[in-house]
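User: I have a few questions about this model. Can you put it up and go through it with me?
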Amino acid sequence: MIELQDVSVIFDNKGPIHAVDNVNLSINDGEVFGIIGYSGAGKSTLVRTINMLQPPTKGHVKVNQQDLTTLSVKELRQVRKKIGMIFQHFNLMNARNVFDNVAFPLKHSHLSKNEKSEKVLSLLKLVGLDDKANAYPSQLSGGQKQRVAIARALANDPNVLLCDEATSALDPKTTTSILELLKSVNQKLGITIVIITHEMTVIKEICDRVAVMESGKVIEQGSIFNIFSEPQHALTRDFIESASPVEKGIKKVIEHAHLLNIHADDQILRVSFAGTSTGDALIATLANKFGVQPNILFGQVEILQDTPVGTLLLSLRGDREAIDAAIDYMDNQQISVQRLELSTHEGGVK
Ligand SMILES: Nc1ncnc2c1ncn2[C@@H]1O[C@H](COP(=O)(O)OP(=O)(O)O)[C@@H](O)[C@H]1O
Ligand SMILES: [Mg+2]
């Protein structure tokens, strides 16, 4: 378990900069924990306190009940072996081949030459690069370089892997493959992973929980499901919108209502549901049970931590009473319904 207690980092740069401002976080063993925030939010500084590359100005950093802020340099060196780290730009040694890069952290280990070699080859196999042992970093793609960096970070069998924007220099497809590798490292080896990113898609794909950072502070944290279904802060909503642009889609539909056969007295609804209730069954029920005509204008379903979360933009056509009864019904089904108004100008309907 990683515990950050009242951690602050203050830099002095012609005046104090509160890079990390009184942060409290607990990260459980075996969890994939995300930290998201815009550039300058303090993410890198915060994560560097976990292995004491950045000693905190105030507060305590505990890893497996050991307070790292009290350790000697020598003790810290031992602790750091069990905390691997990877970076945005891979930080490989370009003059050394893949094998030597991965073997580097084993330099002072007690393993024999043969054991080291076996270890390196098994790590290269784990990351899918067993045929690249003799290649040099310049001969590898970005994704392959990050795989080498991951193998190197795992050389001393760490319990924790810190990832600082590890996919930010990669294209989306390579990002997905690296995230899959990290997930399998987490599951196969039981390693706790801390992921820093400015991309909510990364958080959504791999994390169990997430903390949102702004100006050195953690402004919100929780499970992926809770954060995505009930974000509390505008910044969090911005990040979510960037990962799945529901609001943008809904806005576009509303602005182009005149193209979508919507009548002035249709009731437009934004419907959100989580769990097993599905949009399909809902539409059929609205039509059959209440005699209204539902029309889907926009829809999206996401799977967050194995739970479907859906948003629909519906228009209901029919008698006022029938529409009201249909909305009451949805309210009673733990489906969240919001009535939207179409503007009568800017492309809305008359
Ligand atoms: N070594 C340093 N000296 C002075 N200021 C720093 C140093 N490292 C980071 N900062 C400042 O601390 C703030 C947080 O930086 P950083 O942790 O790198 O944010 P992020 O990783 O979220 O982009 C920024 O204002 C940055 O300029
Ligand atoms: Mg950073």
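User: Is Arg-339 buried, exposed or partly exposed?
Analyst: Arg-339 is partly exposed, with a relative accessible area of 41%. Buried means under 20% relative accessible area, exposed over 50%, and partly exposed in between, with a 1.4 Å probe and protein chains only. This is a predicted model: local features need pLDDT of at least 70, side-chain atom pairs count only at pLDDT 80 or more, and totals for chains, interfaces and linings use all residues. Residues are numbered from 1 along each chain as its sequence is written, chains are lettered from A and ligands numbered from 1 in the order in which they are written, and side-chain values use heavy atoms, with hydrogens and water left out.

User: Which residue does Arg-339 form a salt bridge with?
Analyst: Asp-324, with 3.1 Å between the closest N and O atoms. A salt bridge here is a side-chain nitrogen of Lys or Arg within 4 Å of a carboxyl oxygen of Asp or Glu. Asp-324 lies in helix α12 (residues 320-331) and Arg-339 in strand β14 (residues 336-340), so the pair ties together parts 15 residues apart in sequence. Helices (H or I, at least four residues) and strands (E, at least two) are DSSP runs, numbered from the N terminus. Asp-324 is partly exposed too, at 32% relative accessible area.

User: How many salt bridges in total?
Analyst: Eight by this rule. One of them joins Lys-217 and Asp-21, whose closest N and O atoms are 2.9 Å apart. That pair links distant parts of the chain, with Lys-217 in strand β10 (residues 217-223) and Asp-21 in strand β2 (residues 16-27), 196 residues apart. Lys-217 is partly exposed, with a relative accessible area of 42%.

User: And what does Glu-247 pair with?
Analyst: Arg-270, in a salt bridge of 3.0 Å, N to O. Glu-247 is in helix α10 and Arg-270 in strand β11 (residues 267-274), so this pair ties together parts 23 residues apart in sequence. Glu-247 is partly exposed at 39%, whereas Arg-270 counts as buried at 16%.

User: Switching topic. Where is Leu-316, and what does it touch?
Analyst: Leu-316 sits in strand β13 (residues 307-317) and is buried, with 0% relative accessible area. Leaving aside neighbours within four places in sequence, its contacts (heavy atoms within 4.5 Å) include Leu-269, Leu-286, Val-292, Ile-323 and Ala-326. The C-alpha atoms of Leu-316 and Val-292 are 6.2 Å apart, although 24 residues separate the two along the chain.

User: What about Ser-244, buried or exposed?
Analyst: Ser-244 is buried, with a relative accessible area of 6%. Its place is in the loop between α9 (234-243) and α10 (246-255). Apart from neighbours within four places in sequence, Ser-244 contacts Lys-204, Gln-300 and Glu-302.

User: Which residues form the positive surface patch?
Analyst: Lys-74, Arg-77, Arg-80, Lys-81 and Lys-82. Patches are made of residues with over 30% relative accessible area and no salt bridge; like charges are joined within 9 Å, and nonpolar side chains (Val, Leu, Ile, Met, Phe, Trp, Tyr) within 5 Å. Lys and Arg count as positive and Asp and Glu as negative; His and the chain ends are not counted. Charges are placed at NZ of Lys, CZ of Arg, CG of Asp or CD of Glu. Arg-77 belongs to helix α2 (residues 73-81) and is exposed at 53%. Accessible areas come from the Shrake-Rupley method with a 1.4 Å probe; for residues, only the protein chains shown count as cover.

User: How many helices and strands overall?
Analyst: The protein has 12 helices and 14 strands. Its C-alpha trace spans about 80 × 50 × 35 Å along the principal axes, and buried residues make up 47% of its 350 residues.
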